[in-house]
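Welcome! Here is a friendly first look at a protein surface and at a few of its aromatic side chains. Please have a look at the structure below before reading on.

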Amino acid sequence: VPEVPDTALEKVEALMRKREFEAFVEAVPSELPALFLYDAVVPVRMELRLVRDRLKNGWCEGCCVRSRYYRSITAVKGDLHLIAANCLKYNEADSPLAAEAKALEEEVDQLFEEKEEEVGRARRQLKEAETEAKEEMEEAVRAWQAERAALEACVAETKRVAAEKVTALEAAKEKEVREVKEAKEKEEEKKELVEEKEELER
């Protein structure tokens, strides 16, 4: 789940189109004589266009791709708040620019609170999906193990029955051989008795 939703870029661009925030679109022209102290008061510059450009870095039209610069909505929100903070630091608290900066802060908070909720919801859904997939996999493994155990039991039973049959056949064969041998011995004894009788009669 990308931590920066694909709607973040269009929301920042929407801020840029608002007339009340037009002072925050471009970098402050500190080269102007009236703003010669700006860089001394504001060490880290920030403007809406730079945030937009950072979001567009690596952006794929029509698909959701994580920005290469921003790794979280918190980072996007931080840069947007920095714009307002810089303005409030440099300008008088009751100036029109300060009022616009406060309005920007409020809109950013409202805007990205929704985005954070979206990310949180997406993360929960992902976690639930992962848990469900894990449970399904575990169930499939258990079913496979049960099937394998049943198959092994079936093979073992087949081997046992086959072994019993082999043993029975061998016993029957031995009995048959023994009976044939006994019958032959009796036949020979009978023949000898007949021969002895004939000998006595002579």
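Which residues form a negative surface patch? In this predicted model, the patch is made up of Glu176, Glu179, Glu182, Glu185, Glu187, Glu188, Glu189, Glu192, Glu195, Glu196, Glu198 and Glu201. Glutamate 196 is partly exposed, because its relative accessible area of 49% lies between the limits of 20% for buried and 50% for exposed.

The surface also has a nonpolar patch, formed by Phe36, Leu37 and Val41. Together these residues have about 280 Å² of accessible area. Leucine 37 sits in the loop that links helix H1 (7-17) with helix H2 (38-41), and leucine 37 is partly exposed, at 42% relative accessible area.

Now to the aromatic rings. Searching the whole structure gives two aromatic pairs. One of them joins tyrosine 69 and tyrosine 70 in an edge-to-face arrangement, with 4.9 Å from centre to centre and 85 degrees between the planes. Is tyrosine 70 buried or exposed? Tyrosine 70 counts as buried, because its relative accessibility of 1% is under 20%. Tyrosine 69, in turn, is partly exposed, with a value of 43%.

Here are the residues with their accessibility side by side:

| Residue | Relative accessible area | Class |
|---|---|---|
| Glutamate 196 | 49% | partly exposed |
| Leucine 37 | 42% | partly exposed |
| Tyrosine 69 | 43% | partly exposed |
| Tyrosine 70 | 1% | buried |

Definitions and conventions:
Residues are numbered from 1 along each chain as its sequence is written. This is a predicted model: local features need pLDDT of at least 70, side-chain atom pairs count only at pLDDT 80 or more; totals for chains, interfaces and linings use all residues. Side-chain values use heavy atoms; hydrogens and water are left out. Patches are made of residues with over 30% relative accessible area and no salt bridge: like charges are joined within 9 Å, nonpolar side chains (Val, Leu, Ile, Met, Phe, Trp, Tyr) within 5 Å. Accessible areas come from the Shrake-Rupley method with a 1.4 Å probe; for residues, only the protein chains shown count as cover. A salt bridge is a side-chain nitrogen of Lys or Arg within 4 Å of a carboxyl oxygen of Asp or Glu. Lys and Arg count as positive and Asp and Glu as negative; His and the chain ends are not counted. The place of a charge is taken as NZ of Lys, CZ of Arg, CG of Asp or CD of Glu. Buried means under 20% relative accessible area, exposed over 50%, partly exposed in between (1.4 Å probe, protein chains only). Helices (H or I, at least four residues) and strands (E, at least two) are DSSP runs, numbered from the N terminus. Rings of Phe, Tyr and Trp (its six-membered ring) pair if their centres lie within 6.5 Å; planes under 30 degrees apart count as stacked, over 60 as edge-to-face and the rest as tilted.
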